[in-house]
Amino acid sequence: MRARTCVPLLVCLLGSCGLAQSAQESPDAATIRVLETKWADSYKNRQVDVLSSLMSDDYVITMEDGSVYGKVGFISHTAAPSEKVDLVEFGDLKIRMHGDAAVVTGSYHEQGESAGKPYDYHDRMTDLWMKTDGKWKLVASHYSIPAH
């Protein structure tokens, strides 16, 4: 009787170990999570050299107001003295790996001042990262204000 009870219990335990392991992030997904944080920190702190190193040359971003910037335009926007970012934070980040591509979705909160006026954005975001020559680069970003 004990053997009959122990076998199903052992199967359940082994099965749950496999589920716990599959729930862990892959090394590439963990790298992307770190790069997202690096991206946010360098944006907030106006470290345009770091931002530039994370972006592909053909990077494109769509902002909350619908404006679209390439790499140079976004860096110029970020470095403008009229822009001051006080808070940048991501929430609920989900990273989906597709070979040498990673799609990141989540919530985004940013506070700061633009042209002397305070702002407080609560967005949804999507980032696309591509691995080229062994390095992850941000290829595209899209930020939008969720419909209420």
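Rings of Phe, Tyr and Trp (its six-membered ring) pair if their centres lie within 6.5 Å; planes under 30 degrees apart count as stacked, over 60 as edge-to-face and the rest as tilted. The views show a predicted model, in which local features need pLDDT of at least 70 and side-chain atom pairs count only at pLDDT 80 or more, while totals for chains, interfaces and linings use all residues. Residues are numbered from 1 along each chain as its sequence is written, and side-chain values use heavy atoms, with hydrogens and water left out.

**View 1. The stacked pair of Trp 39 and Phe 74.** Seven aromatic pairs are found in a search of the whole structure. Trp 39 and Phe 74 form a stacked pair because their ring centres are 5.7 Å apart and their planes stand at 15°. Trp 39 belongs to helix H2 (residues 27-44) and Phe 74 to helix H4 (residues 71-79), so the pair ties together parts 35 residues apart in sequence. Helices (H or I, at least four residues) and strands (E, at least two) are DSSP runs, numbered from the N terminus. One aromatic cluster is formed by Trp 39, Tyr 43, Tyr 59 and Phe 74.

**View 2. The tilted pair of Phe 90 and Tyr 108.** The centre-to-centre distance is 5.4 Å, with 50° between the planes. Phe 90 sits in strand E3 and Tyr 108 in strand E4, 18 residues apart. Phe 90 counts as partly exposed at 22% relative accessibility, whereas Tyr 108, at 6%, counts as buried.

**View 3. The hairpin of E3 and E4.** Strands E3 (residues 83-98) and E4 (residues 101-114) pair in the antiparallel sense over 13 bridges; two strands pair if DSSP finds at least two bridges between them. Glu 83 has Ser 114 in E4 as its bridge partner. Two residues lie between the strands, and Gly 99 takes a positive phi near 65°.

**View 4. The hairpin of E4 and E5.** E4 pairs with strand E5 (residues 117-132) in the antiparallel sense over 14 bridges. The bridge partner of Gly 112 is Tyr 119 in E5. This hairpin has two residues between the strands, and Ala 115 takes a positive phi near 55°.

**View 5. The open sheet of six strands.** The strand order is E2-E1-E6-E5-E4-E3, and the pairing is mixed. Strand E2 (68-70) and E3 are at the edges with a single partner strand each, so one side of each is left without a neighbour in the sheet.

Terms used
Buried means under 20% relative accessible area, exposed over 50%, partly exposed in between (1.4 Å probe, protein chains only).
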